[in-house]
Amino acid sequence: MKLSCFPLLLPSLMAQPCQAIVISDAVFHQLGGDLNHVEKSMGAVAIALRQQSELSPFLAVGYLPGCTATWLGEQAQWTYLLTAAHCVPYQGEVTPVHSQFISWQGMPIAYGDGVAYVPPARLHRPAGLSASAADIALLKLPTRRPLPDKAGQPLTPPTLYQGAPLLHAPVNLVGYGEWGVGARPTTNYEIATERRRLYGQSRITHQFEHGYLQVAAYEPQAIPPSSGLWARIAKGDSGAAWWQLIAGKQHIVAVTSSGHATASNATAIGPYLPWIASIFPQISVTPRITSPISTHPTGSTTP
């Protein structure tokens with residue numbers, strides 16, 4: 001599937017899907033934003049970014065109270081969701097919860113009494129593994145209606161990648177976090193009549209803690225295509241999937257955990273796939289393609 005990102009405004013990014021919540025000054029300007037009146041001109045920019053976020057397979061992304069999550073599929077009247085561990089009120093590996101998942105359309109498709117699952121490594125982390133390297137959870141909620149695609153047909157479940165995320169390759173983030181521009185303090189540029197959902201792009205710049213922790217840098221002045229580091233996560237994007245184009249198909253490679261002013265951090269999916277499959281065997285998985293691992297650390301704060 002070939003996707004284009006802002007083909008009229010940013011032709012050099014064609015076939016490189018993008019999304020996220022704090023975007024660089026240059027991209028904001030190229031999308032019609034006025035840097036002297038950010039809040040007043042955010043509306044048109046948000047529309048363009050939201051349109052990109054509603055390309056398939058990103059329609060699997062929705063939101064939980066205070067976080068972002070990704071629909072993985074359904075089984076026996078249950079909906080299974082991927083998110084961050086710190087987005088669920090876990091007390092052990094299996095915890096009863098009451099929650100809801102809102103779709104890309106703004107419709108509740110799963111809600112009520114369910115179960116939150118976190119892996120053993122979240123509760124008893126191995127030596128050398130940070131909280132951000134084990135920040136992953138599954139949420140099982142009662143299905144209330146099917147998740148549709150743009151044609152109104154049941155959405156095809158997303159594919160998870162078994163290998164290490166591709167270093168230096170574009171990474172795509174759709175989330176429901178606060179909006180921001182450049183290096184300004186993140187501000188919730190909320191538009192009352194619009195859902196808070198945006199799309200942006202960075203690149204995975206570092207992999208460390210044995211590949212469990214992924215880092216995507218952010219440059220507030222980034223100008224595509226000289227730099228793909230033009231977006232980062234913000235508060236409310238926790239739990240959002242990181243997507244990469246691998247073998248011509250978008251794959252989930254990691255889950256947003258934390259971040260700061262110049263980087264976003266995520267937990268890699270690959271090491272947790274056996275655990276995910278033990279809870280929801282119907283996941284779609286692609287075999288690994290090896291990627292080199294870098295070991296440069298970075299600081300982080302939970303979004």
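Predicted model: local features only at pLDDT ≥ 70, side-chain atom pairs only at ≥ 80, totals over all residues.
**View 1. Strand E3 meets E2 in a hairpin.** Strands here (E, at least two residues) and helices (H or I, at least four) are DSSP runs, numbered from the N terminus. Strand E2 (residues 61-64) runs antiparallel to E3, and four bridges join them; two strands pair if DSSP finds at least two bridges between them. Two residues lie between the strands of this hairpin, and glycine 66 takes a positive phi near 80°.

**View 2. On to strand E4, by way of another hairpin.** Five bridges join E3 to the antiparallel strand E4 (residues 78-83). Have a look at glutamate 74, which stands opposite threonine 79 in E4. This hairpin has two residues between its strands, and alanine 76 in the turn has a positive phi of about 50°. Seven of the nine residues of E3 (residues 67-75) are buried, so the strand is largely enclosed by the rest of the structure. Buried means under 20% relative accessible area, exposed over 50%, and partly exposed in between (1.4 Å probe, protein chains only).

**View 3. The one disulfide of the structure.** Cysteine 67 and cysteine 87 are bonded here, with their sulfur atoms 2.1 Å apart; a disulfide is counted when a pair of cysteine sulfur atoms lies within 2.5 Å. The torsion about their S-S bond is about -85°, so the disulfide is left-handed. Because cysteine 67 lies in strand E3 and cysteine 87 in the loop between E4 and strand E5 (94-102), the pair ties together parts that are 20 residues apart in sequence. Both cysteine 67 and cysteine 87 are buried.

**View 4. Leucine 82 in the largest nonpolar core.** A nonpolar core is a set of buried Ala, Val, Leu, Ile, Met, Phe, Trp, Tyr and Cys residues joined through side-chain atoms within 4.5 Å. Of the 68 residues in this one, Leu82, Phe101, Ile269 and Ile276 touch the most other members. Helix H2 (residues 38-53) gives the most to the core, with six residues. Leucine 82 has contacts (heavy atoms within 4.5 Å) that include Ala69, Leu72, Ile136, Val255 and Ile269, not counting residues up to four places away in sequence.

Conventions. Residues numbered from 1 in each chain as written. Heavy atoms only, no water.
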